[in-house]
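Let's walk through a structure together, starting with its covalent cross-link and moving on to its charged side chains.

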Amino acid sequence: QVQLVESGGGLVQPGGSLRLSCAASESITRVIAVGWHRQAPGKQRELVASITSAGGTIYKDSVKGRFTISRDNAENTLYLQMNSLKPEDTAVYYCSVMIERRGTYWGQGTQVTVSS
């Protein structure tokens, strides 16, 4: 019954920045990892960034140095700061949370379009 609500997507020019937010409906215990995936039209959904409960991070190679994943546990919110955006970053971005013994929950997705 965990619900994830995303916001912050939109249209931005190449080189611009966006910050995506994902708010959970409740405080979640036993979180294994949280993350962001994206899916471009006709493409497979791919991992963009993830962070474990211990703070370890994983980034897709093409976003390293440009994107930063972070979380605010007190506010039950996950963020993805995206800088130096490129047209190839255009996709629907989904947040997720993996919970021990419960499974993975997904947000509804938010559209990010990078275009001049």
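Is cysteine 22 buried or exposed? Cysteine 22 is buried, with a relative accessible area of 5% (buried means under 20% relative accessible area, exposed over 50%, and partly exposed in between, using a 1.4 Å probe and protein chains only). Before going further, please note that this is a predicted model, where local features need pLDDT of at least 70, side-chain atom pairs count only at pLDDT 80 or more, and totals for chains, interfaces and linings use all residues. Residues are numbered from 1 along each chain as its sequence is written, and side-chain values use heavy atoms, leaving out hydrogens and water.

The partner of cysteine 22 is cysteine 95, joined to it by a disulfide with an S to S distance of 2.0 Å (the definition asks for a pair of cysteine sulfur atoms within 2.5 Å). Cysteine 22 lies in strand β3 and cysteine 95 in strand β9, so the pair ties together parts that are 73 residues apart in sequence (strands are DSSP runs of E, at least two residues, numbered from the N terminus). Cysteine 95 is buried too, at 0%.

Now for the charges: there are five salt bridges, each a side-chain nitrogen of Lys or Arg within 4 Å of a carboxyl oxygen of Asp or Glu. Arginine 38 meets glutamate 46 at 2.9 Å, N to O, and aspartate 89 at 3.0 Å. Both arginine 38 and aspartate 89 are buried, while glutamate 46 is partly exposed at 27%. Glutamate 46 also pairs with lysine 60 at 3.2 Å. Together, Arg38, Glu46, Lys60, Arg66 and Asp89 form a network of salt bridges.

Technical notes: Helix = DSSP H or I, 4+ residues; strand = E, 2+ residues; numbered from the N terminus.
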